[in-house]
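Good morning, and thank you for making time for this presentation. I would ask you to keep the sequence and the structure in view while I speak.

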Amino acid sequence: MAAASVPGASSGPIAAESHAVGHGTPAPEQVAPGIGSTTGGREPGTSRGQEVPMSDSTAGTTGTADTTARPARLDAHGVRDAGALAAAIAPLGLAMGVALGELAGPHLVSWLSAPLLLAGASQLVLFSQLDGGASVLAATGAALLVNSRFVVYGAALAPRFAGQPGWFRLLGPHYIVDQTYGLVAARFRDDPTRQEFRRYFMTASTLLWALWTASVGAGLLIGTALPESLPLEFVLSAMFVALVVPGIRARSEAWAAAAGVAVALAGAGTMPTLLGVVAAGGAVGALSGRARS
Amino acid sequence: MIALAAVLLATAGTFAMRAGSVRAFESRDLPPTATRMLRHAAVAIMASLVITNLPATSAPGGVGAASATGLVAALLVARRTPSPTVVMVVAVAVYALTDALVG
């Protein structure tokens, strides 16, 4: 299978169902209480296993770090949201596995790229480059260019990582992909506690990570036995619509989405296009602030 | 070994980008304008992925009839239900149907 024909060629691997909690009436133009908020989120104080409510004023980015929390419990919303995305992730992972299997590189290494890189587009770019005879540095550079959008997601999610336990601050960023960002954006309309965010993020992203890893592996094993008549090429676009639209809360966000679509239509998925999308979205955000003030 | 080295290098670089951006901004109270710009840039990126992941057409930058119909269906359904599964199933069905009819 040609690399260009693989669905999901320019996206991360995984994504979301918004919950009832995340679909309340939005306050127009409010500074995002979830993503992008400059507050780190509320966190119930923990004292010898007993949770004590902590006021917002003391639980921001300068609040007491939660270093005693345990990562064991699953979040029901996270399970439900990850499950809702399985219909898209599993077939995409299969197709990705088939595509990787036809490119250069041992199957074991191709499979390893799924849990390690956790970014479908860059996995494909990396192995396509190697298959075309590119050097390790050139192939890596191309893959990193594709993944550079994660910097924006990471910066937007950063306040949510402040004050979190060390294991989460170390492990959590690995799961930042398009779909997990979209999930969190749609899920948290109000200011979640640190624990709420952590449990939701880790539950959903770990499940999606496991599903992506398993489905890519299955694709490598199944190979070309996957029917070509399946309309997989449209699944990813549909998935991003399902992620973006419910997360739009303000008119300015709709304008930002429109700007991103316009720039993408004008470009060809290149790095300048990505920069253009970021610039256009950022400009809309800045202008919306001026209009409000 | 070359492929493994490339995977490990790309993994390290990608993690550095993800974790680096989190570390750089997690303890900083950004100005409201910067916060808004970040939030809107992220929305724009995700929206652009809808387009960049569309099936290729013969015309550069063009959107095929099946894709356009599927996108409209996805938008309409997504406005009415928060379930991505429903959105995807309806959109892909409309896309496949249009593709079969129009070609």
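This is a predicted model: local features need pLDDT of at least 70, side-chain atom pairs count only at pLDDT 80 or more; totals for chains, interfaces and linings use all residues.

I begin with helix α7 of chain A, residues 178-187: 10 of its 10 residues are buried, so this helix is largely enclosed by the rest of the structure. The buried residues of α7(A) run from Asp178(A), Gln179(A), Thr180(A), Tyr181(A) and Gly182(A) through Leu183(A), Val184(A), Ala185(A), Ala186(A) and Arg187(A). What do these buried residues pack against? Within chain A they pack against α1, α5 (149-161), α8 (194-222) and α9, and chain B contributes its α2 (32-52).

Asp178(A) forms a salt bridge with Arg149(A), and their closest N and O atoms are 2.8 Å apart. Since Asp178(A) lies in helix α7 and Arg149(A) in helix α5, both of chain A, the pair ties together parts that are 29 residues apart in sequence. Asp178(A) and Arg149(A) are both buried.

Chain A has 11 helices and 2 strands, and its elements, read from the N terminus, run β-β-α-α-α-α-α-α-α-α-α-α-α. Of the 293 residues in chain A, 56% are buried. The chain exposes about 11,200 Å², with carbon and sulfur atoms supplying 64% of that area.

I turn next to the nonpolar interior. In soluble globular proteins, nonpolar side chains tend to be buried together. Here the largest nonpolar core has 90 residues, and those with the most contacts inside it are Leu126(A), Phe127(A), Tyr153(A) and Phe201(A). Helix α1 of chain A, residues 76-101, gives the most to this core, with 11 residues. A second, separate core has 7 residues, among them Ala259(A), Val284(A), Val43(B) and Ala47(B).

Which residues does Tyr153(A) touch, leaving aside its neighbours within four places in sequence? In chain A, Tyr153(A) is in contact with Ile176(A), Val177(A), Asp178(A) and Tyr181(A). In chain B, its partners are Ala42(B), Ile45(B), Met46(B) and Leu49(B).

Helix α2 of chain A, residues 107-117, is my next element. Its buried residues are Val109(A), Ser110(A), Ser113(A), Ala114(A), Pro115(A) and Leu117(A). Their cover includes α1, α3, α4 and α8 of chain A, together with α1 (2-26) of chain B. Leu117(A) has a relative accessible area of 0%. Beyond its neighbours within four places in sequence, Leu117(A) is in contact with residues including Leu126(A), Asn147(A), Ala10(B) and Thr14(B). Just after this helix, Leu118(A) takes a positive phi of about 50°.

Gly132(A) is found in the loop between α3 (120-131) and α4 (136-147) of chain A. With a relative accessible area of 68%, Gly132(A) is exposed. Gly141(A) is found in helix α4 and, at 31% relative accessibility, counts as partly exposed.

The remaining topic is the interface. In all, 95 residues of chain A are in contact with 64 residues of chain B. Between them the two chains bury about 6,700 Å², 74% of it on carbon and sulfur atoms. On the chain A side, Phe234(A), Val241(A) and Val245(A) lose the most area to chain B, together 9% of what that side buries.

As for polar terms, there are 13 residue pairs in polar contact between chain A and chain B, both residues at pLDDT 80 or more. Helix α9 of chain A, residues 235-247, gives the most to the side that touches chain B, with 12 residues.

How many salt bridges are there between chain A and chain B? The count is 2. In one of them, Arg169(A) pairs with Glu26(B), the closest N and O atoms being 2.4 Å apart. Arg169(A) lies in helix α6 (residues 166-171) of chain A and Glu26(B) in helix α1 of chain B, so this pair joins two chains. Arg169(A) is partly exposed at 25% relative accessibility, whereas Glu26(B) is buried at 4%. Arg39(B) forms a salt bridge with Glu253(A), at 2.6 Å between the closest N and O atoms. That pair crosses from helix α2 of chain B to helix α10 (residues 251-266) of chain A, and both Arg39(B) and Glu253(A) are buried.

Over all chains, the structure holds 3 salt bridges. Thank you for your attention.

Technical notes: Residues are numbered from 1 along each chain as its sequence is written. Chains are lettered from A and ligands numbered from 1 in the order in which they are written. Side-chain values use heavy atoms; hydrogens and water are left out. A nonpolar core is a set of buried Ala, Val, Leu, Ile, Met, Phe, Trp, Tyr and Cys residues joined through side-chain atoms within 4.5 Å. Buried means under 20% relative accessible area, exposed over 50%, partly exposed in between (1.4 Å probe, protein chains only). Helices (H or I, at least four residues) and strands (E, at least two) are DSSP runs, numbered from the N terminus. Contact means heavy atoms within 4.5 Å. Accessible areas come from the Shrake-Rupley method with a 1.4 Å probe; for residues, only the protein chains shown count as cover. Buried area is the accessible area (1.4 Å probe) that two parts lose on being put together, summed over both. A salt bridge is a side-chain nitrogen of Lys or Arg within 4 Å of a carboxyl oxygen of Asp or Glu. A polar contact is a pair of N or O atoms within 3.5 Å; within protein, one must be able to donate a hydrogen and the other to accept it, and residues adjacent in sequence count only if both atoms are side-chain atoms.
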